[in-house]
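This report considers the aromatic ring pairs, the charges set over rings and the pocket lining of one protein model. The sequence and structure are shown below.

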Amino acid sequence: MFVDTHTHIYMAEFPDPAAEIRAAIEAGVTKMVFPGTEPSDFEARKALATEFPANVFLGIGVHPTEFGPDPEADLAAVEAELRANPAKYVAVGEIGIDLYWDASRREEQREVFRRQCLMALDANLPVIIHCREGLDDTLDVLGSLPAVPGGVFHSFTGTVEDVARIRGLSPDFYFGINGIVTFKNSRLRDTLAEIGLDRILLETDAPWLAPVPRRGQRNTSAYIPHIARHIADHLGIPVETVADITTRNASQLFGI
């Protein structure tokens, strides 16, 4: 059994998301976490969680590149939804800092991230952190909070040194490993042993970053076993061990 801890198969790239969920279940991916990226995705994701209550679990949040010209409106929508339906959500996210696509709203990104972290602390939920060329800011915001929430650095591609910096703030973070680890020139493989299997979560980030041998295709949650086998081969352990431990990790973090 596998868990895809970060998948967007509810998006428009998937004409029939229910079929994608069923295909993932057939592939052994029996649980999937759908992170939120903007208020407009609330209803579509909730409908799928209602249709597949044993398989689909939800995060809620505003992605650092997806908030509109009025961030306060987006934050208010997230907070209102979380307060109205607290039992529907297992995490606050996908939230964080992204200075790769647009650094012009850096201060706004920091504030939107900070406010959503406070929501997570208030709701006693973990955070799903998007961090792209923004580790300094991400750690600075997290360190400024009254407490550091538990959570996962989604789509982690950092170095051994980055792992040490994150753990210097809190040793309890998990690291989301997706199809990037299978890419020929990826240096992420060199970081796996430092992270340790007990802190790895499997994810696809579908529809992006399809793993080898599906690279170049639209990604989907059914491809999680390819990522798991690659990690197992690199660490020299059975794929069943990767499945068991990463599933346990997801259960511990998200309560699923």
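Rings of Phe, Tyr and Trp (its six-membered ring) count as a pair if their centres lie within 6.5 Å; planes under 30 degrees apart make the pair stacked, over 60 edge-to-face, and the rest tilted. The model is a predicted one, in which local features need pLDDT of at least 70 and side-chain atom pairs pLDDT 80 or more, whereas totals for chains, interfaces and linings use all residues. Residues are numbered from 1 along each chain as its sequence is written, and side-chain values use heavy atoms, leaving out hydrogens and water.

**Aromatic pairs**

By the ring rule, the count comes to five aromatic pairs. Two of them are set out here.

| Pair | Centre distance | Plane angle | Class |
|---|---|---|---|
| Tyr10 and Phe34 | 5.5 Å | 40 degrees | tilted |
| Phe153 and Phe175 | 6.4 Å | 25 degrees | stacked |

Helices (H or I, at least four residues) and strands (E, at least two) are DSSP runs, numbered from the N terminus. Tyr10 belongs to the loop between strand 1 (2–4) and helix 1 (17–26), and Phe34 to strand 2 (residues 29–34), so their pairing ties together parts 24 residues apart in sequence. Both Tyr10 and Phe34 are buried, a term for under 20% relative accessible area, with exposed over 50% and partly exposed in between (1.4 Å probe, protein chains only).

Phe153 lies in strand 6 and Phe175 in strand 7 (residues 174–177), so this pair ties together parts 22 residues apart in sequence. Phe153 is buried at a relative accessible area of 2%, and Phe175 is buried at 0%. Phe153 and Phe175 form one aromatic cluster with Phe156 and Phe173.

**Contacts of Thr138**

Thr138, in helix 5, is buried at 0% relative accessibility. Leaving aside residues up to four places away in sequence, Thr138 touches Ile97, Phe113, Ile129, Cys131 and Phe153, where contact means heavy atoms within 4.5 Å.

**Charges over rings**

A charge sits over a ring if NZ of Lys or CZ of Arg is within 6 Å of the ring centre and within 35 degrees of the ring normal. Arg199 lies over the face of Tyr174, 4.2 Å from the ring centre. The charged end of Arg215 is placed over the ring of Phe183, at 3.6 Å from its centre.

**Lining of the largest pocket**

By class, the lining of the largest pocket holds 11 nonpolar, 10 polar and nine charged residues. Nonpolar here covers Ala, Val, Leu, Ile, Met, Phe, Trp, Tyr, Cys and Pro; charged covers Asp, Glu, Lys and Arg; the others, Gly among them, are polar. A pocket is an open set of points on a 1 Å grid over the protein atoms alone, where a 1.4 Å probe fits, with protein on both sides within 12 Å along at least five of seven lines; lining residues have an atom within 4 Å of a point. Strand 5 gives the largest share of this lining, three residues.
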